[in-house]
Amino acid sequence: MQPDARQATGSAMDKAGFQVLPISRHPEAAIDVLIVGCGPVGATLGVLLGDLGVSVRVIDSAQTIHEAPRAIALDNEALRILQQAGIGETDFECIAIPQVRMRSPMFGVFARIDTTGTLDGHPKLVTFYQPDLERALRRRLVLQKTVQMTLGLSLTDLQQDSDGVNVSLLDANGLPSWLRARYVIGADGAGSMVRKLIGQDFHGRSFGEDWLIIDALDVPHPIDHVEFVCDPKRPTPHMVAPGGRERWEFMLRPGESADMMTDDARIHALLAEWGCPPEVKIERKAVYRFHARVVERFRMGRVFLVGDAAHITPPFAGQGLVAGLRDCANLAWKLAWVLRDHADEAVLDSYNTERRPHARAMIALARLMGRLVMPMNAMTAFFSHGSIRIARLFPVLRRQLEDQSAKPKNVFAKGLFVRGAKRSGLLRGGLLPQGWIRAVDGRIELSDEALGNALTLIGFGTDIVLEAEVSAVFAAAGGQVVQICHRGQALHLSAHDAVWEDIDGSFLSKVVPVGWAAVVRPDRIVLNDGPVDEASRLVRESLRILGSPDPLAAPSRAASTPNCRPSRKSA
């Protein structure tokens, strides 16, 4: 409910010194996006939106960063999204993991995943310290000119209408305030207030077992990898982390309580079995029950859910935070394009269409991993672990088990891309590879840095010439045209500066042939592709997908009306 006008003239200050603005009755005073929750997902989304020029308020009920480590693993996709948010691998400490091993008392190491090397410019798997990442993200967040972060502020209610959302807030001192936003995003974790207010319940199940999580410092003779001890008597994941840390996760046995297992003497007795002396410092100890849950819809009108507010993934596949970062990359540019009037509001429905199936697939993988890690009994362990051990004797199966083939690809079956048969190494609805490229001035950088935040038409090995009308509409829809050529190629180089050499062969001709073109979304998903001499057609099809008018379509009565644009009714 909108407050009385007399209430709407006041303001308050939170403990962080950020002004809490009351709601205004004037639509032009509303912010574009309110993000509820300033954890790693909410902060990343705020940075991405700020980079796109969107006016954002990020709020969080907590006034400080939670210092206890929680999430611990990131893959190359997550690091690539953080790169897009301006966070490099040197901005927070992380350790590259060379392998993930699954060990059985009966068969020894019965499964192994090779995580050495890089993919798309980043290590395939790292462990990290979450508070360090959150601090790095908040440093980036406060540099955004269009973003304001307010801590110690809680959401209490929201009401949607056709143009925006009225939000009721409460600060740490119990003072109410109000805000109006075009869109609201719930990044407020598993207990999300936003999710409750829009009536979205979790679907899924909880594991019946409790787990003791221990983070220890300065452990002698640390391991350099991730290991799952798949012992039915007490399954125990074990991994190294930055800052001299190691983590153990011990499954509680029947009759063991949280109070019993978090006793210091009991913890040291558990760690003694791993060769840890009594003086090892325990940084964190907590008992958790893991969940595998997802909401039915990631979007309800003008309200969206991201991260743990939308889906909870068991930790066995290390994909919980990664899934939330994928949400950010997928949603940020779509909101920006709609707010800039570059795209029809209907494109926002594709957030749910694209992200929910992949989130569910990752949850299914984590549950499968969970069944291997914590077999019900010795008989189950014998058959499941033994079957994988036998499969690894065959080279083809061994390669599939070791190269992460079981991990669901971030490829969409349906969504915001032009459907069509695959005719190159690119896959519409899938990620464009990232590689090292060299600019005409000799600067070497990763290709995502060069592409920036635009909708991009790439010509591979040759320049692109668009029809004048198509070029104008594409630019007006946030588009840019670039060229990527062979290393050292001098023939057919573009006359403009937007040309780079593929210096490590990430594109030509391993993925695409010379003379190919692709339209790539700002989140690096391939929207359309085809021969370079059909570039105008590719752009026209892409613009239609976004809801922009076709510049070469026959004029209609609606199109001849001044300032006529597609309908932007809220879903």
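These questions and answers cover the cavities and a pocket of a predicted model.

Residues are numbered from 1 along each chain as its sequence is written, and side-chain values use heavy atoms, without hydrogens or water. In this predicted model local features need pLDDT of at least 70 and side-chain atom pairs pLDDT 80 or more, while totals for chains, interfaces and linings use all residues.

Trainee: How many cavities of 30 Å³ or more are there?
Mentor: On a 1 Å grid over the protein atoms alone, a cavity is a set of points where a 1.4 Å probe fits but cannot get out, and lining residues have an atom within 4 Å of a point. A volume is the space filled by probe spheres set on the points, which are joined across faces, edges and corners. The count is 4 cavities.

Trainee: Which helix gives the most residues to the lining of the largest cavity?
Mentor: The largest cavity has a volume of about 190 Å³, and 16 residues line it, including Ile-81 and Asp-523. Helices are DSSP runs (H or I, at least four residues), numbered from the N terminus. The most, 4 residues, come from helix 2.

Trainee: Which helix gives the most to the lining of the second largest cavity?
Mentor: The second largest cavity holds about 60 Å³ of space. Its lining includes Ala-329, Ala-332 and Trp-333. With 3 residues, the most comes from helix 7.

Trainee: What volume does the second largest pocket have?
Mentor: A pocket is an open set with protein on both sides within 12 Å along at least five of seven lines. The second largest pocket is lined by 26 residues, with Asn-76 and Lys-409 among those nearest its centre. Its volume is about 700 Å³.

Note on methods
Helices (H or I, at least four residues) and strands (E, at least two) are DSSP runs, numbered from the N terminus.
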